[in-house]
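Please look through the following structure, and then read the report on some of its side chains and ring pairs.

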Amino acid sequence: MSFGTGRSDLSLARDPLMIISEPLKYAPFEWLDHVQREGLVFARPILEELGISPVQQNRADSEEIAAFLASSRDEPAVADRLGFLQAVLGWPIARIAGAPDGPPLPDLATLALPELDTVLCANMALIDPRSDNRTLLLVRTEAPGTDPDARGVLDGWEASPQQRFERLLRESGVEVGILFCDTQLRLVYAPRGETAGWIGWPLHDLPSSTANRLSD
C-alpha cells in the first residue's frame with residue numbers, strides 16, 4: 001500500500017484524505033476497480049494533484065503481508081492488528097495512541113451518547129508526528145464475527161458498526177479512520193455535514209497476484 005512518496009497510502013498523511021466519487025479506469029489507479037467502495041472514494045484528479053503515484057507491490061511486500069494473515073479464510077484475516085499497522089502500513093509505535101508503549105488515546109477517541117445508552121470509542125489513533133495535539137486517524141477494531149454492516153450486533157444504539165464509527169469520526173472532527181473487520185480493512189471518510197464513504201481492502205487476498213493491484 002505504498003506510493004511513490006515512499007509512504008503507505010494509509011500512513012502519516014499530510015491532511016485528512018480529500019475524497020470524491022468518480023469511476024476510475026486509468027492504469028495507475030486500476031487497483032481502485034478491485035476494491036469494494038461505498039459512497040465517496042479516491043478521485044484520480046486529487047491523487048494526481050498531490051503527486052501521489054502508485055508503486056507496484058513486490059514479492060517482499062506480499063510476503064510481509066502474508067506473515068500477518070490467517071491461513072484459513074474461515075478465520076479473521078488479521079489477529080495481530082497492531083503488528084499489521086506497524087509492519088505493513090509503516091506506523092511507528094510511538095505515534096499509535098492506545099497501543100502498548102504508545103501515547104494515551106486522546107479524549108476525542110471516545111464519544112458518550114447517554115440518550116442511546118452507548119459509548120462510541122476507537123481502539124487506537126494515529127498521532128501526527130509533527131504535532132502531539134493532532135490526530136490523523138482513528139482506528140476501530142471489531143471483535144471476530146462482527147458484521148460491520150449489520151444493525152443491532154453491538155450493545156446499545158442499534159446502528160451498524162460502520163454507522164457508529166462514522167458518527168464517531170464526524171463528532172470527533174478527525175473525519176478519517178480505519179475499521180478492522182474479519183475480512184476487510186476499511187478506510188472510512190466521514191466529514192461533518194457530508195455523505196460518508198469507505199473503501200475496503202479484502203485482507204485475505206492482499207498477498208495474491210491479483211492483490212498486487214489492490215495494494216499499490
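This is a predicted model: local features need pLDDT of at least 70, side-chain atom pairs count only at pLDDT 80 or more; totals for chains, interfaces and linings use all residues.

Residues are numbered from 1 along each chain as its sequence is written, and side-chain values use heavy atoms, with hydrogens and water left out.

**A buried arginine**

Arg 81 belongs to helix H3, which covers residues 81-87; helices (H or I, at least four residues) and strands (E, at least two) are DSSP runs, numbered from the N terminus. Arg 81 is buried and yet has no salt bridge, for the nearest side chain of opposite charge, that of Asp 182, is 4.3 Å away. Here buried means under 20% relative accessible area, exposed over 50%, and partly exposed in between, with a 1.4 Å probe and protein chains only. A salt bridge requires a side-chain nitrogen of Lys or Arg within 4 Å of a carboxyl oxygen of Asp or Glu, where Lys and Arg count as positive and Asp and Glu as negative, and His and the chain ends are not counted. A polar atom of the Arg 81 side chain lies 3.4 Å from the backbone oxygen of Val 78.

**Aromatic rings**

Rings of Phe, Tyr and Trp (its six-membered ring) pair if their centres lie within 6.5 Å, and planes under 30 degrees apart count as stacked, over 60 as edge-to-face and the rest as tilted. By this rule there are two aromatic pairs, as the table shows.

| Pair | Centre to centre | Angle between planes | Type |
|---|---|---|---|
| Phe 68 and Phe 84 | 6.3 Å | 85 degrees | edge-to-face |
| Phe 84 and Phe 180 | 5.8 Å | 85 degrees | edge-to-face |

Phe 68 lies in the loop between helix H2 (59-66) and H3, whereas Phe 84 lies in helix H3, so their pair ties together parts that are 16 residues apart in sequence. Phe 180 is in strand E7 (residues 176-180), so the pair that it forms with Phe 84 of helix H3 ties together parts that are 96 residues apart in sequence. Phe 84 is buried, with a relative accessible area of 0%, and Phe 180 also counts as buried, at 0% relative accessibility. Ring pairs link Phe 68, Phe 84 and Phe 180 into a cluster.

**Charges over rings**

A charge sits over a ring if NZ of Lys or CZ of Arg is within 6 Å of the ring centre and within 35 degrees of the ring normal. Arg 167 lies over the face of Trp 157, at 5.5 Å from the ring centre, and the charged end of Arg 186 sits over the ring of Trp 198, 3.6 Å from its centre.

Methods: A polar contact is a pair of N or O atoms within 3.5 Å; within protein, one must be able to donate a hydrogen and the other to accept it, and residues adjacent in sequence count only if both atoms are side-chain atoms.
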